[in-house]
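Please look over the sequence and the model shown here before reading the notes on fold, strand pairing, core and individual residues. The briefing is meant to be read beside the structure.

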Amino acid sequence: QVQLVESGGDFVQPGGSLRLSCAVSGILFNFFPMAWYRQAPGKQRDLVASITPGGSANYADSVKGRFTISRDNAKSTAYLQMNSLKYEDTAVYYCNLPTYGAWGQGTQVTVSS
């Protein structure tokens with residue numbers, strides 16, 4: 001059974017940083033791409049970043065240069081390092097395993113002064 005568990009969401013001031021984690025179980029993690037999405041209130045869920053099994057990453061234009069996706073295959077965990085956070089980054093962030101169509105439960109990130 002595939003399971004994704006996110007953690008790391010929090011309240012943070014503009015300009016601050018957070019690191020989200022997504023622990024994956026039930027698969028051979030190192031063989032599969034991973035992705036992070038986010039959904040703000042009243043808006044659709046949007047792709048933030050994705051990473052291949054080999055570590056190649058792609059980003060939404062809105063987060064390029066500020067966010068970094070990474071993975072630790074030995075720990076079966078994906079990460080999203082978020083720097084220079086803005087008010088508009090406030091959302092529930094979801095970890096996604098595209099091959100299985102699997103989602104985590106989401107973790108809330110709130111950027112507020």
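The notes below begin with the overall fold and then turn to the sheets, the core and single residues.

This is a predicted model, in which local features need pLDDT of at least 70, side-chain atom pairs count only at pLDDT 80 or more, and totals for chains, interfaces and linings use all residues. Residues are numbered from 1 along each chain as its sequence is written, and side-chain values use heavy atoms, with hydrogens and water left out. The protein has zero helices and eleven strands, where helices (H or I, at least four residues) and strands (E, at least two) are DSSP runs numbered from the N terminus.

**Overall form**

- The radius of gyration of the protein is 13 Å, close to the 13 Å that the globule rule gives for 113 residues, so the protein is as compact as a globular protein of that length; the radius is taken over C-alpha atoms, and the rule is 2.2 Å times the number of residues to the power 0.38.
- Along its principal axes, the C-alpha trace of the protein spans about 40 × 25 × 20 Å.
- Buried residues make up 40% of the 113 residues, where buried means under 20% relative accessible area, exposed over 50%, and partly exposed in between (1.4 Å probe, protein chains only).
- Among contacts (heavy atoms within 4.5 Å) between residues at least 6 apart in sequence, 54% join residues at least 24 apart.

**The four-stranded open sheet**

- An open sheet of four strands has the order β1-β3-β8-β7 with antiparallel pairing, two strands being paired if DSSP finds at least two bridges between them.
- Strands β1 (3-7) and β7 (67-72) stand at the edges with a single partner strand each, so one side of each is left without a neighbour in the sheet.
- Neighbouring strands of this sheet are turned by 15 degrees against each other on average, direction ignored; the axes are lines fitted to C-alpha atoms, for helices over the stretch in contact, and angles run from 0 to 180 degrees between N-to-C directions.
- Five bridges join β1 to the antiparallel strand β3 (residues 18-25), and Glu6 has Cys22 in β3 as its bridge partner.
- Gln3, which is found in strand β1, is partly exposed, with a relative accessible area of 45%.
- Leaving aside neighbours within four places in sequence, Gln3 is in contact with Ala23, Val24 and Ser25, and the C-alpha atoms of Gln3 and Val24, 21 residues apart along the chain, are separated by 5.7 Å.

**Pairing around β4**

- Strand β4 (residues 34-39) is joined by six bridges to strand β5 (residues 45-51), and the two run antiparallel.
- The hairpin of β4 and β5 has five residues between the strands, and there Gly42 takes a positive phi near 75 degrees.
- Five bridges also join β4 to strand β9 (residues 91-97), again running antiparallel.
- Trp36 has Ala49 as its bridge partner in β5, and Trp36 stands opposite Cys95 in β9.

**Nonpolar core**

- The largest nonpolar core has 29 residues, and those with the most contacts inside it are Met34, Trp36, Leu80, Met82 and Tyr93; such a core is a set of buried Ala, Val, Leu, Ile, Met, Phe, Trp, Tyr and Cys residues joined through side-chain atoms within 4.5 Å.
- Two or more residues of this core come from each of β3, β4, β5, β7, β8 (77-82), β9 and β11 (107-111).
- Not counting residues up to four places away in sequence, Tyr93 touches a set of residues including Glu6, Leu20, Trp36, Phe67, Leu80, Met82 and Val109.

**A buried polar residue**

- Asn96 lies in strand β9 and is buried, with a relative accessible area of 5%.
- A polar atom of the side chain of Asn96 lies 3.1 Å from the backbone oxygen of Ala102.
- Beyond four places in sequence, Asn96 touches Leu4, Met34, Ala35, Tyr37, Ala102 and Trp103.

- Most residues other than glycine have a negative phi.
- Ser84, in the loop between β8 and β9, has a positive phi near 50 degrees and is partly exposed, with a relative accessible area of 40%.

Key. A polar contact is a pair of N or O atoms within 3.5 Å; within protein, one must be able to donate a hydrogen and the other to accept it, and residues adjacent in sequence count only if both atoms are side-chain atoms.
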